[in-house]
Amino acid sequence: MHYLALCCIARDEDLFLKEWITYHSLLGVEHFYIYDHCSNTPISGLLSDFADSARVTVRRIQGEAMQIPAYDDCLQVFGPQCRWIGFLDVDEFAYPMHDNDLRVTLSEFERYGGLAATWHVFQSSGHLSRPRGLVLENYTEAAKRQDAFLVKCFVDPARAVGVTGPHTFIYADGSWCVNEEHFPMSPDTQCTFASGSLLRVHHYFTRSQQDFEEKLRRGHRGTAGAEYDYKMDYFYNIGSQIGVEDKKIWRFLPQLKTAMQSGELPGVFTGFSETLPFEQLMEAAMDFYSAGHTDKAQVCLCRAAIAHAGKADLWTLRAMLAQACGNLGRARIFLERSLLAEGTVTGLRQLKRFFAAVGREREAEAVDVMYDRYPEFFH
């Protein structure tokens, strides 16, 4: 099973598709489901010497307004093969603000049906014609006003049962989508109040004026409705806004340039099969952690969570790794899951360390008292 896959629908994105795939592969995306919406150069041919079918699945799709049908097909056909699927366009790049791997970011949201990541719209950076080079290096000015935070979703296919729009999904009873602050999203809204301090979707919608004009000519939208009928006025309105330079995503640029120059899709660390015994998965994670490879250790535990989410030791170790990486909020979430699964001495000790790390000495002392008074509850 893939822990994280991406789905997109694309038409004539020949100049940009390889960069989009390469970038997300570097950030831990294990598989790509690409719906080719009548491209003049079939995407399967475009990618034939770049990536094999083990990493990229291309499906040809025809008709008008096919984005929602494509998303729905992906959920139904490929959903059982994935723990998470992110639904993005080729002009959208998921950017984890603190992690190096998107899977690590998503790990703290495994209890939910989906995570809504906020859009951050980028302007043309003054480019009238298409510049040479990569999208990420050419467009660095974000619109300063990001008041209405539109979202794109990463969903758990086991809990997402339908698609209502490019930004919204239907979830099974008892499941819901949340923003990065763990607040539930209304099923009818496409935006949230979260600012994108954890995960953003950089949206290079216009690129250069030349690119935007070509997008309009080829009928860029895969979604029906007047609200999606963009004109050149949109380009001018975005460009007239005050911009702010944002090069944070450039921390991935050296890797991306190297990978693009190789002409091949870079590999991605997938850990070990979730079908391995739990003890082996935990041991592998500890080995990576001991060797200083914290990202790989956390990915191993993502894999373990697919089959062993009820194991308290899994969540305790995830909490320890999150705390070691300085993410105390994520550590707290994992400790909650650990103690909900089972009250173990190991979990209790990690809870004490957590309280000490956040300066809550009184609570840390109370953990000892709790164990001394009720030892029968901790195994």
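**A helix, a core and aromatic rings**

Modeller: Just after helix H13, Gly-359 takes a positive phi of about 80°. Helices (H or I, at least four residues) and strands (E, at least two) are DSSP runs, numbered from the N terminus. This is a predicted model, where local features need pLDDT of at least 70, side-chain atom pairs count only at pLDDT 80 or more, and totals for chains, interfaces and linings use all residues. Residues are numbered from 1 along each chain as its sequence is written, and side-chain values use heavy atoms, with hydrogens and water left out.

Colleague: Which residues of H13 are buried?

Modeller: Buried means under 20% relative accessible area, exposed over 50%, and partly exposed in between (1.4 Å probe, protein chains only). In H13, the buried residues are Gly-347, Leu-348, Gln-350, Leu-351, Phe-354 and Phe-355. They line one face of the helix, because they fall within an arc of 160° seen down its axis; the arc is that of the directions from the helix axis to the C-beta atoms.

Colleague: What does Leu-47 touch?

Modeller: Contact means heavy atoms within 4.5 Å. Leaving aside residues up to four places away in sequence, Leu-47 touches Leu-17, Lys-18, Ile-21, Ile-34, Val-56 and Val-58.

Colleague: How many aromatic pairs does the structure hold?

Modeller: Rings of Phe, Tyr and Trp (its six-membered ring) pair if their centres lie within 6.5 Å; planes under 30 degrees apart count as stacked, over 60 as edge-to-face and the rest as tilted. The structure holds 17 such pairs. Tyr-33 and Phe-78 form a stacked one, 4.3 Å centre to centre with 15° between the planes. Tyr-33 is in strand S2 and Phe-78 in helix H3, 45 residues apart.
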